[in-house]
Every structure is written in structure tokens, then in C-alpha cells.
Amino acid sequence: MEKDYILKLKNVYQKYEDKDFILNNININVSLGEFVTIIGTTGAGKSTLLRIILGAENPYKGQIIMEGVEIKRPNRNIGIVFQKYSLFENRTVMENVALGLYLEHFNLLQSFINYFYKSKRNTEFTKKAEEYLVKVGLIEHANKYPYQLSGGMKQRVAIAQTMIMEPKILLMDEPFGSLDIGTREEMQIFLLEQWKKNKQTVIFVTHDLEEALFLGTRIMVLSPFYIGNDNEGSKIVKDIPIDWPHPRSTKVKHTKEFNVLMESVRHEGLDPQFKQNIKEFDLSHIDSIKNLV
Amino acid sequence: MINFNTRENKKKQFFLSLIPFIALIFIYVFASQMRHAKNPTDKLLPTISEVTQGFKQSAFISDTNGDLKLEIDTIASFKRIGFSMLFILFGVIIGLYMGAITFFDNLFYKFFLFFDKIPALAVLPILFITTGIGEVTKVTLIVVGVAPTIILDTYLRVKAVPQEQIIKAMTLNANRSEIIFRIILPKIFPNILDTIRLNFKAIILFLIAGESLAATVGLGYRIFLVQRYLAMNIIIPYVLWISLFAFLFDWFIRFWINNKFKWFNKEQ
């Protein structure tokens with residue numbers, strides 16, 4: 001019997017007009033609660049893949065199905081955190097976090113007719129936003145604007161802004177790419193904590209192999225380097241379950257297994273010299289999520 | 001010295017900025033004295049006291065109809081600017097929709113791009129013929145002259161909003177109107193104010209052009225009326241009066257932007 005996946009990508013191809021293919025026959029099944037990291041070299045099409053999953057881009061061919069429904073445009077069930085521009089610079093931290101709640105419940109007529117109801121609801125929204133700001137440890141910065149925050153703080157706000165909508169899937173497009181090493185590790189731990197608390201499905205795109213291995217319960221390598229490749233676009237060349245237990249400490253990065261796996265992925269997935277024969281992608285591996293349950 | 005690694009000295013800045021003004025006044029007074037020494041009835045460069053007298057006459061002494069000329073001219077010109085602003089604000093809405101919705105982009109972009117290239121003063125005769133010499137013509141002239149620039153500028157500001165933020169808003173359940181009016185508009189509002197501020201000089205220019213050709217009252221009308229009598233003692237206070245308003249408008253908008261939109265022009 002076919003397993004129920006929260007997200008399925010079926011034979012997804014992407015190309016723009018007369019240009020070469022960017023993505024070539026991508027097939028991915030994601031289970032509920034998985035933390036999937038997608039790694040690839042620059043230009044491999046990682047962000048394109050994420051935009052397709054989000055519905056911000058239509059694929060050239062193929063389907064993206066979430067809980068049986070095809071995704072055609074961005075919606076509140078899939079949240080996203082970008083590397084930049086996730087926050088609205090004209091809104092304070094509090095306003096940014098509560099924005100989704102206001103947008104979801106905004107009713108012009110009602111807000112005019114029933115001022116009391118509106119203000120009561122505003123209080124509810126503010127309370128909920130405060131809860132999320134406490135979660136991300138930024139409650140004391142609630143009235144600041146994004147330009148007054150550090151890079152790490154901005155990304156925490158962006159995560160809270162997305163989490164407050166309780167999306168079924170959280171997409172992250174190199175969210176820590178512009179942070180320094182210390183802040184990046186701090187944010188990685190923070191993200192894993194949030195993921196464990198909220199039991200959300202996360203798809204995390206990065207070009208940092210160490211980050212991908214540290215965070216994911218499953219790592220996929222998107223690469224244009226494979227046999228038969230003639231500007232045909234990137235394929236998933238590796239899909240590896242990672243069964244290190246959670247909560248993870250950054251110490252895991254210094255273990256032998258971690259480094260062996262990192263070297264293997266680097267060589268077989270990201271090295272342009274190493275080309276393997278990729279058949280139709282095998283989806284029969286044991287989902288890493290089973291290792292968590 | 002090139003502006004690099006210099007510390008600001010506010011007092012020094014202030015006094016330096018005064019120098020050109022003082023120099024201009026000094027040159028004027030000197031030239032006026034020279035001309036009056038040769039010809040005491042010279043009208044071309046009236047003395048400061050004659051200019052002051054001209055201002056008093058326009059501002060505080062009623063004419064034969066019992067009107068204070070400067071007051072009625074100012075009110076008439078402001079009404080025209082006010083009406084024009086309403087249409088210009090409507091233009092902002094058009095620019096917003098053009099930038100945000102592909103249909104309106106395809107429909108209007110090339111049209112306004114073309115319209116923007118038409119010199120407004122060249123269409124003035126057409127306006128006179130089609131709409132007469134009434135208020136409509138003067139307001140239309142300002143709108144034709146300024147609105148396309150403001151529409152296109154608004155359009156470009158909307159286009160410059162990062163796609164990420166639009167996508168983000170969609171994932172936060174924003175519908176099309178909410179994206180336009182609750183995400184894009186508040187974000188680009190200071191830019192729009194700034195564009196209107198920078199175009200205010202053009203608004204005044206078209207106002208004066210319109211009033212100079214067909215009006216019975218207005219700041220531009222008065223300047224061109226008294227020009228026939230070489231009444232520089234009236235023209236100079238009027239020019240300064242108009243400049244003062246333009247300056248105050250400019251200052252007010254900048255003050256508004258700096259104080260109300262503290263996040264504006266700050267790096268994300």
C-alpha cells in the first residue's frame with residue numbers, strides 16, 4: 001500500500017523558455033515531520049526547486065502535490081524563510097510576527113462595524129505574537145524595526161513570523177547563508193529545537209554540506225553532474241537518511257561518522273569529476289523519519 | 001576636501017550655508033543702489049524698501065473690490081494645486097496597480113511611457129481649444145505635466161519590491177488587495193511622498209504657466225499681469241512668496257518622512 005506523504009513531487013522538470021533544463025525529472029516524497037535538507041552546488045537549482053514546491057513558480061512539467069491537492073500558488077499551508085527580505089522593514093518586530101494573523105482575519109466591514117470586537121481580537125493577536133517572540137527569545141526587541149536587529153535576530157523573527165501561521169510545511173532557502181559561523185551554529189541549534197517542539201515538516205536548502213548533515217533527518221543532493229548529462233538540468237543524485245539522534249549537539253560535527261559521511265557526499269554528490277549513472281530515482285529507501293519514531 | 005571621514009560641525013555647516021544667501025542679497029542691494037544712484041526712478045532693481053512696500057501693498061492693502069490681492073491669489077493657486085493633487089493621488093493608485101498586476105501593466109505601461117514624453121506646455125493650446133480657459137484647463141495642465149511621471153515612478157517602486165516579500169505575504173494568507181494596500185503601499189509610501197516632493201517644482205511651474213495665459217486670479221496671473229508695468233517691486237515678493245511655499249512644502253515632506261518613517265532608507 002502506498003504510504004501517505006505530506007508532499008509529493010512527481011516528474012518535475014523546469015526550464016525557462018528556450019534555455020536549457022534546470023531541473024530534470026525530480027521525484028521526491030516527504031513524510032510528515034521530516035527535516036529534509038537539500039544540498040547542491042551554486043546554480044544547481046535548489047532555490048528553483050524550493051520556489052516550485054512553494055507554488056511561486058510553475059514547473060515546466062510535473063506536479064507538486066500536498067496532501068492530495070496540487071499546489072498552484074503560495075498559500076498559508078507552506079511557510080517560507082528566505083535568506084533576505086523575509087521581514088517587512090516598515091513594520092516593527094511585533095507587527096512582523098503578528099502580520100499573518102491580521103492578514104488572515106482582516107475584514108474591513110467588520111472592523112468598522114464592531115470596533116470592540118476588533119480591538120479584542122487585536123489583543124489576541126498581540127498575545128499570540130508575544131508568545132512566539134518569547135519562544136524565539138526576542139520579546140524585549142518587540143518594538144524595534146528590522147534594521148535595528150542583527151542578522152541572526154532577523155532570522156529568528158522571520159522564523160517566528162512563519163511559525164505563527166502554523167504551516168504544515170516550512171521551507172527555508174539558505175536562511176543562515178549570510179550569518180557568521182558562531183551565529184549560524186546558534187541558529188542551527190535554535191531551529192532544531194523549534195522543529196522538535198512544533199513537529200513540523202521542514203525542507204531546508206543550503207550549499208553548506210556540514211549544515212545540511214547536521215540539521216537533516218534526510219539529505220538530498222541536487223546535482224548537474226551525472227552520466228548522460230548534457231545540459232539536461234540537475235537531478236537528485238543522492239537521498240540519504242541520517243539517523244543521528246535528536247537533540248543534536250554541534251559536537252556531532254566532530255565525530256568520525258559525520259566526517260566520513262560528509263566526505264562521501266562531497267565526493268559522490270558535489271564533485272564535478274565524479275559522475276554516476278542515475279537511473280529513475282529510487283524511492284524505496286526507508287524513510288529516515290522511522291528512525292525518529 | 002572630498003567628503004570622506006569628516007566630522008560634522010553643525011554650526012560651521014549652518015554659517016557656510018548662509019554665505020550664498022548673504023552674498024546674493026549683498027549683490028542685489030549693491031546693484032540696486034548703483035542703478036538708483038544713476039536713475040532714482042529705476043524699476044528694474046527696486047530697493048529693499050520698495051520691495052517691502054510692494055509686499056505690504058499686495059498683502060495688507062485692499063484693492064478697489066476690497067480684496068487683498070496676495071490672499072486671493074494664494075487661495076486661487078492653492079485650490080488649483082489641491083485639485084491637481086487629487087488627480088495625482090489617483091495616478092499613484094494607477095501606478096500601484098500597474099506595478100502589481102500584470103493586466104494593468106500590459107494595458108497602461110507603454111501608454112504612460114509615451115504620455116510622459118509629451119511636453120505638457122505643447123498641449124496647452126489643445127487644452128484651451130477643447131476645455132476652454134477655465135479652471136479645468138489649468139488643473140489638466142498640471143495633471144498632464146506631472147501625473148505620468150508620478151505614475152511611472154510609483155510603478156517602478158512597486159516593481160522594485162522584492163519578490164520574496166510578495167511571496168512571503170502570500171504565504172501569510174494575503175489576498176491581492178492586501179498585498180497592494182497593506183504590503184506594497186505602506187512600504188513604498190515614503191518613496192511616493194518623495195516623488196511628489198521632487199515634482200512639486202514642476203507642479204508650480206505648470207500652475208504658473210497655466211495662470212499666466214488664462215486666469216483672472218492666481219499667483220502666476222499676478223506676476224505676468226504686473227510684468228506689463230515693470231512692477232518688479234510686486235514680482236519679487238510674489239516670487240519669494242511662491243518659493244517660500246515650495247520650500248515649506250519640501251521641508252514638511254522631508255520632516256514627515258524623517259520622523260514618521262524612521263525605517264526608510266535603512267538597510268534591511
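Between chain B and chain A there is one salt bridge, and please keep in mind that this is a predicted model. The partners are A:Glu89 and B:Lys187, with their closest N and O atoms 2.2 Å apart.

Now the interface as a whole. Here 21 residues of chain B are in contact with 34 of chain A. The buried area is about 2700 Å², and carbon and sulfur atoms give 64% of it. There are also eight residue pairs in polar contact across the interface.

Let's step back to the whole structure, where a search over all chains finds 24 salt bridges. In chain A, take A:Arg184 and A:Asp208, whose closest N and O atoms are 2.6 Å apart. A:Arg184 sits in helix α6 and A:Asp208 in the loop between β8 and α7 of chain A, so this pair ties together parts 24 residues apart in sequence. A:Arg184 is buried, at 11% relative accessible area.

Over in chain B, B:Lys159 pairs with B:Asp105 at 3.1 Å between the closest N and O atoms. Helix α6 of chain B holds B:Lys159 and helix α4 holds B:Asp105, so the bridge joins parts 54 residues apart. Which end of this pair is buried? At 13% relative accessibility, B:Asp105 is, whereas B:Lys159 is partly exposed at 43%.

One last stop: B:Asp194, B:Arg197, B:Asp250 and B:Arg254 are linked in a salt-bridge network.

Methods
Residues numbered from 1 in each chain as written. Chains lettered and ligands numbered in written order. Predicted model: local features only at pLDDT ≥ 70, side-chain atom pairs only at ≥ 80, totals over all residues. Heavy atoms only, no water. Contact = heavy atoms within 4.5 Å. Buried area = accessible area lost by both parts, 1.4 Å probe. Salt bridge = Lys/Arg side-chain N within 4 Å of Asp/Glu carboxyl O. Polar contact = N/O pair within 3.5 Å; in protein donor to acceptor, adjacent residues only side chain to side chain. Helix = DSSP H or I, 4+ residues; strand = E, 2+ residues; numbered from the N terminus. Buried < 20%, exposed > 50% of the residue type's maximum accessible area, 1.4 Å probe, protein only.
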